[in-house]
Amino acid sequence: MSQSRQLAAIMFTDIVGYTAMMQANEEKAVAVIKHYNTTLEKYVSQFKGQVINYYGDGSLCIFSSVTDAVNCSLEVQKELRTEPVVPLRIGLHIGEVFFENEKALGDGVNVASRVQSLGQENTILISEEVHNKIKNNVSITSASLGHFEFKNVGKPMEVFALTNEGLFVPQRKKMEGKLKKKNVQKRNIIAVLSLIIIVVAAFFIYKNFLAKNDSASDKSIAVLPFVDMSAGKDQEYFSDGLSEELLNLLAKIPELKVIGRTSSFSFKGKNEDLRSISQKLGVAHILEGSVRKDGNKIRVTAQLIRATDGTHLWSDTYDRDLDSLFKLQDEIAIAVVKQLKLKLLTAPSSATTSANIEVHNLILQGNYFFDKLDKENVARAVDFYSQAIAIDSTDARAWGKLANAISRQAWQNYIERIEGREKARRAAMKAIELNKNLAIGYVELGDLKRNQDFDWKGAEETYQKALSLEPENPDILYSIGGGLYFATGRWKESIKLMKKCSELDPLRPISHL
């Protein structure tokens, strides 16, 4: 019996849904497995690795270099996205491999297998050990998916997804794999409590808003999140960002009631009737669309719908270079205003403070992770905003977003609280210094004056500057009405602002609370 041990970078691969594919179309399945085998052997050899074991529709490979293992996985996935497409998931880990009679065994192999099991087609997932080795390599980008408790693994492990162009980044809530079973009783208790909260919130939303809004103003609109139609389904952050930019542009039109992001985005991924959506949001019109991004090219389809009868008032398709994105956003906003026959005193213009599309793209990615709230994703948002500032330190929006993200880290005790708040304050003041017409810096500074300094007068002055810039922004209305005025007992003023806030963001429970 021959035995040996070796420290290696371990690559586990698996074709997603191969058994079902074989049952449905045997000819296609054979073509897929041939493409897979040829590609794997080609690139593993090219990057000085070894294919140790085949497992039918998967494999175990080892490399002496972590960088070689990662670069091999990138090339394999790139090649397998061509026809016949192979829906492959890859997991990478570093560990000791124990060889017995030419079979690879050991904890390192088990962990790589478990990391791979979390993936979906066209994903590359890596362990924290691999991430630490390649995180300073500028050609390789990644995002933390959080910590996971794997079967037969002693402690939770942080898993990262490679985010290089073309790869799919899975959502945590949709990930399944070789994980420990959760405590069923605890899960049931949480589910019951969550249901109670939802029911109570729904009651207040209906009683205080929906029941009174059967007839919506004709000058009202909701921008639903645009659908990511990119081939790799990996541009969700971009399609979400475009939707939010359009929402912000339209909110600048004084005559137009525009529903806030929280409520509009609550319908993301849902196939709900537009009439039902319009009734819940209290609007007469819906703007929806799709985005297809491929390298530096984008195709945006937008359509304006009269929700009461489903009539398409306007639709258009735009094929553009990414560099003309800001102009495209303005074109769509102006077209909507024209169709709604609003008096356009001044044409809306993008709130973006930098013409640098790379900076804009980094900010959108930061926004995507910031919305996920948990420690790892907020840290990822901070990283993206910091990257944007490193490219253009004069971009006020990047500084404002960085202030938001660091402040959230401090309030949630993700970082040392006092130091974090002061970092957020400096970033907010930098945003104001760079652009006095951007509200985000004033809002964050107002929050710090209210909650950290207990400077009521200073907080109000700062908030009012933000409100003068964006009078229809429900987040600002909430900071003043539900925050400052509520805390200082100014009830009538608080109620007035919160009524307006709940009209602009009707499905946000805290607006009604």
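This is a predicted model: local features need pLDDT of at least 70, side-chain atom pairs count only at pLDDT 80 or more; totals for chains, interfaces and linings use all residues.
Local features need pLDDT of at least 70 and side-chain atom pairs count only at pLDDT 80 or more, while totals for chains, interfaces and linings use all residues. Residues are numbered from 1 along each chain as its sequence is written, and side-chain values use heavy atoms, with hydrogens and water left out.

The protein chain has 19 helices and 14 strands. Both are DSSP runs numbered from the N terminus, with helices being H or I of at least four residues and strands E of at least two. Of the 513 residues in the protein chain, 51% are buried. Buried means under 20% relative accessible area and exposed means over 50%, with partly exposed in between (1.4 Å probe, protein chains only). The accessible surface of the protein chain is about 25400 Å², and carbon and sulfur atoms account for 51% of that surface. Accessible areas come from the Shrake-Rupley method with a 1.4 Å probe, and for residues only the protein chains shown count as cover. A contact means heavy atoms within 4.5 Å. Among contacts in the protein chain between residues at least 6 apart in sequence, 65% join residues at least 24 apart.

The aromatic residues come next. The structure holds six aromatic pairs. Rings of Phe, Tyr and Trp (its six-membered ring) pair if their centres lie within 6.5 Å; planes under 30 degrees apart count as stacked, over 60 as edge-to-face and the rest as tilted. F148 and F150 are stacked because their ring centres are 6.3 Å apart and their planes stand at 25°. Both of these residues, F148 and F150, are buried. Y237 and F238 form an edge-to-face pair, with 6.4 Å from centre to centre and 85° between the planes. Y237 and F238 are both buried.

Ring pairs also link Y368, F369 and F384 into a cluster. F369 belongs to helix α11, which covers residues 357-370. Its relative accessibility is 8%, so F369 counts as buried. Leaving aside residues up to four places away in sequence, F369 touches A143, N377, V378, R380, A381 and F384. Of these contacts, A381 is twelve residues from F369 in sequence, and the two are 5.3 Å apart in space, C-alpha to C-alpha.

A charge sits over a ring if NZ of Lys or CZ of Arg is within 6 Å of the ring centre and within 35 degrees of the ring normal. R421 lies over the face of W411 in this way, at 3.7 Å from the ring centre.

On the surface, F486, W491 and I495 form a nonpolar patch with about 360 Å² of accessible area together. Patches are made of residues with over 30% relative accessible area and no salt bridge; like charges are joined within 9 Å, and nonpolar side chains (Val, Leu, Ile, Met, Phe, Trp, Tyr) within 5 Å. A salt bridge is a side-chain nitrogen of Lys or Arg within 4 Å of a carboxyl oxygen of Asp or Glu. F486 lies in helix α17, residues 474-487. With a relative accessibility of 51%, F486 counts as exposed.

Helix α4 (residues 107-117) is mostly covered, with nine of its eleven residues buried. Among the buried residues of α4 are V109, V111, R114 and Q116. Helix α19 spans residues 509-512 and holds S511. S511 has a relative accessible area of 5% and is therefore buried. Not counting residues up to four places away in sequence, S511 touches M498, C501, S502 and D505.

The peptide bond from E83 to P84 is cis, with omega near -10°. P84 is in the loop between α3 (66-80) and β4 (88-100). K48 is not a glycine, yet has a positive phi of about 60°. K48 is found in the loop between α2 (26-46) and β2 (50-54), and K48 is exposed, with a relative accessible area of 67%. N122 is not a glycine either, and has a positive phi of about 65°. The loop that holds N122 runs between α4 and β6 (123-127). N122 is buried, at a relative accessible area of 11%.
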